[in-house]
Amino acid sequence: MNYFRPVKLYSKSKNYDTSNWAFKLLCRVNVKIMLLFVLLMMGKEYFGDPIDCGSEIGGVRKDSIEKYCWTMGLYVQKGFTGVITNRTRHAGYITGVQGERTYLRYYQWLILVYLTMAATFLLPGQLWRYFEGDRIGSLCKELDGALFERVWTKERRSEMLAYFMWPGVRSIHTLYVFKFYLCQIFLLGVTIFNIWLVDTTLGGFWDRYYPAISYLYPFDYENFIEHSAKIFPRMARCEFYNYGPSGSGQKMDALCLLPLNILNEKIFVFLYFWLLLMCLVAAFSVVWSTTIACFSCLRVLILKAQCRECSLDQIRRATNNGRLGDFFVLHLLGKNMNAFVFKDILMELSNYQKTGFTFEQAACNGEKEGKSELP
């Protein structure tokens, strides 16, 4: 990070708020959470190595056994948990348990799963940034600060009014809001994909982990550990073959400790509730955007809440009777722009719509006169 710090200074740019709360929560917060999980999984000084198979067996070095078991995978047998509780202390560390084998096919891939989740949650935000094309940044440039008098000149006002009065801008704004709606649907799809990814990686995680989750509310930690160890065992077995000088094979069995599963069980308790919550948030965001798109009166009320000094009639005229594309752009401008400048734009647009000026007249009058005086 120190090496890339000088590059960060040159690449630093002004970030404008061009999305909603669902994008901020799912695209920004989720990415940081997943990257935090990756860092925790790499903290060997706190949690130990991912696998520890004890000492050498039959003359085979310990590191060779661990590499083999890590590569080929481990297994647990039915009835073997690898943890000691009041009910399992008689079988917790018995290695001679016979029963159906369950192979741990997820253990080596969990860091990549966390990275995949971080990358997929990042995609909708990056896609919308590409579609947005810094349109709001260009319109709000130098108009988002408290001191705006030097920038908000008659020429700048006329340019802003000419932009909104141009007939072709309506179709551009309609396409603009449609792209944002598609990104919201994509965000919901990404959340559902990550729920499926966790379920597939752990082999039916949502059904298998529910018994352990059910003991959290009564704070029955012993039962939680016992049921959680069926998915995230602390210890597992590994079979490998060693060949002597004569070529005869010898089957060996190693008992391996999996320290990271102590951390994984806590992470997946969080993910169990978090991913379901994120799915509800993404779905509610799509429903809310659909509701706004269906009711023009709601769009007018939202802009009214952003600019209380303007009347409802002025806002209706400024947005062409609540046109969706114009509303969306003005709504984003209201979130990023100085309050006085935003009010001035709404009142100017309302005046031009009321008097029925054409695009050329609006641009010409804005250059010559300027409808609002600076304080």
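A disulfide joins C69 to C238, with an S to S distance of 2.2 Å. The model is predicted, and the exercises below start from this bond.

**Exercise 1.** Locate C69 and C238 in the chain and assign the handedness of their disulfide.

*Solution.* 
- Step 1: C69 is in helix α4, and C238 is in strand β3 (residues 235-243).
- Step 2: take the separation. The two cysteines are 169 residues apart, and the pair links distant parts of the chain.
- Step 3: read the torsion. About the S-S bond of C69 and C238 it is about -100 degrees, so this disulfide is left-handed.
- Step 4: check accessibility. C69 has a relative accessibility of 0% and therefore counts as buried. C238 is buried as well, with a relative accessible area of 1%.

**Exercise 2.** Find how many disulfides the whole structure holds, and state the pairing of the bonded cysteines.

*Solution.* 
- Step 1: search the whole structure. The search returns 2 disulfides.
- Step 2: C53 is joined to C256, S to S 2.0 Å.
- Step 3: place its ends. C53 lies in the loop between α3 (44-47) and α4 (62-72), whereas C256 belongs to strand β4 (residues 249-257); they are 203 residues apart, and this pair too links distant parts of the chain.
- Step 4: assign the handedness. The torsion about the S-S bond of C53 and C256 is about 100 degrees, so the disulfide is right-handed.
- Step 5: check accessibility. C53 and C256 are both buried.
- Step 6: number the bonded cysteines in sequence order. The pairing is 1-4, 2-3.

**Exercise 3.** Describe the surroundings of T191: which element holds T191, and what does its side chain reach?

*Solution.* 
- Step 1: T191 is in helix α8 (residues 169-201).
- Step 2: With a relative accessible area of 0%, T191 is buried.
- Step 3: The T191 side chain reaches the backbone oxygen of L187 at 2.9 Å.
- Step 4: list contacts, leaving out residues up to four places away in sequence. T191 touches L26, F121, L275, M278, C279 and A282.

Notes. Residues numbered from 1 in each chain as written. Predicted model: local features only at pLDDT ≥ 70, side-chain atom pairs only at ≥ 80, totals over all residues. Heavy atoms only, no water. Disulfide = S-S within 2.5 Å. Helix = DSSP H or I, 4+ residues; strand = E, 2+ residues; numbered from the N terminus. Buried < 20%, exposed > 50% of the residue type's maximum accessible area, 1.4 Å probe, protein only. Polar contact = N/O pair within 3.5 Å; in protein donor to acceptor, adjacent residues only side chain to side chain. Contact = heavy atoms within 4.5 Å.
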